[in-house]
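These are my notebook entries on one protein chain. I record below what I looked up and what I found.

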Amino acid sequence: VNSNQLWSNKYTMKSIPNDVYGDSNREVAEDLVGFINNWKDHRQQVYEARAEKAAKLRGSTKKAKKRSKNCEYDDDDFLSDEDDDGLRSVYLLTGETGSGKTSMVHAAAKHCHCALIEINTAAERGGKALKKEIEECTQSLSNVAL
C-alpha cells in the first residue's frame, strides 16, 4: 500500500459489488453494471445490423454502384433515432457531494471493461459542443486509457 496516496484514492471503490457499502448502494451499482452491459449488447447488435445493411448496399443492383463510394454512415448517425432504439439512453446518478458517484462510475466501467471518458461541460453546453468534445477525446489515444 502506497502511503503517499490521497485518502480518497486509497479508499475509493475499486470493485463492484465488493467495495460498495450499503444495500441500496449495492443495488444501484449492480443496476448500473446491468445498464452498461445491456447498452453494450444492444450497441453490438446495432453495429452488426449496420454492417449487414452496408454489405447489402454494396452488393445490390447497378443503381447502388452509381452511388458515391462513401455510402457509409456519417458522424451524425449515432445521434439519430433510426435503428438505434435507445442507444442514447442515459443513466443518472444523484447524490450528495462526496457520496461516491464518480467512484461508482469508474468501478462500473472497469467491471464492464469499458473505456471511460470524462467531459467537462462547464465551458460550453449543447449538442455541437458535446460532439466536438467526444470527437477530440476519441481521436486522441493519449486521452483514452484502453
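Which helix do the buried residues of α2 pack against? I found that the buried residues of α2 pack against α4. Here a contact means heavy atoms within 4.5 Å, and buried means under 20% relative accessible area, exposed over 50%, and partly exposed in between, with a 1.4 Å probe and protein chains only.

**Entry 1. Source and conventions.** The model is predicted, so I note that local features need pLDDT of at least 70 and side-chain atom pairs count only at pLDDT 80 or more, while totals for chains, interfaces and linings use all residues. Residues are numbered from 1 along each chain as its sequence is written, and side-chain values use heavy atoms, with hydrogens and water left out.

**Entry 2. Overall make-up.** I counted five helices and zero strands in the protein. Helices (H or I, at least four residues) and strands (E, at least two) are DSSP runs, numbered from the N terminus. The order of the elements from the N terminus on is α-α-α-α-α. I also looked up burial, and 17% of the 146 residues count as buried. Of the contacts between residues at least 6 apart in sequence, 60% join residues at least 24 apart.

**Entry 3. Helix α2.** How far apart are the end C-alpha atoms of α2? They are 54 Å apart, which agrees with the 54 Å that its 37 residues should span at 1.5 Å a residue. The expected span is 1.5 Å times one less than the number of residues in the helix. I listed the buried residues of α2 as A29, L32, V33, I36, H42, R43, V46, R50 and A54.

**Entry 4. Helix α4.** This helix covers residues 101–111, and M104, A107, A108 and A109 are buried in it.

Entry 5. I next followed the chain into the loop between α4 and α5, where C112 is found. C112 counts as buried because its relative accessibility is 2%. Not counting residues up to four places away in sequence, C112 touches V33, I36, N37 and K40. The C-alpha atoms of C112 and N37 are separated by 6.8 Å, although the two residues are 75 apart along the chain.

H113 lies in the loop between α4 and α5 (127–139). It has a positive phi of about 60° although it is not a glycine. Is H113 buried or exposed? It is exposed, because its relative accessible area is 73%.

**Entry 6. Disulfides.** A disulfide is a covalent bond between the sulfur atoms of two cysteines. The rule I used is a pair of cysteine sulfur atoms within 2.5 Å. How many disulfides does this rule give? The count comes to zero. C112 is in no disulfide, and the nearest cysteine sulfur, that of C114, is 5.3 Å away. C114 is likewise in no disulfide, its nearest cysteine sulfur being that of C112. C114 is partly exposed, because its relative accessible area is 29%.

**Entry 7. A cis peptide bond.** I noted that a cis peptide bond joins I16 and P17, with omega of about 5°. P17 lies in the loop between α1 and α2.

**Entry 8. The second largest pocket.** On a 1 Å grid over the protein atoms alone, a pocket is an open set of points where a 1.4 Å probe fits, with protein on both sides within 12 Å along at least five of seven lines; lining residues have an atom within 4 Å of a point. About 550 Å³ of space lies in the second largest pocket. Such a volume is the space filled by probe spheres set on the points, which are joined across faces, edges and corners.

The lining of this pocket has 20 residues, and M13, G98, S99, G100 and S103 lie nearest its centre. At least two residues of the lining come from each of α1 (7–10), α2 and α4. Which helix gives the most to the lining? α4 does, with four residues. I sorted the lining into eight nonpolar, 10 polar and two charged residues. In this scheme Ala, Val, Leu, Ile, Met, Phe, Trp, Tyr, Cys and Pro count as nonpolar, Asp, Glu, Lys and Arg as charged, and the others, Gly among them, as polar.

**Entry 9. Helix α5.** L130 lies in helix α5. L130 is partly exposed, with a relative accessible area of 41%.
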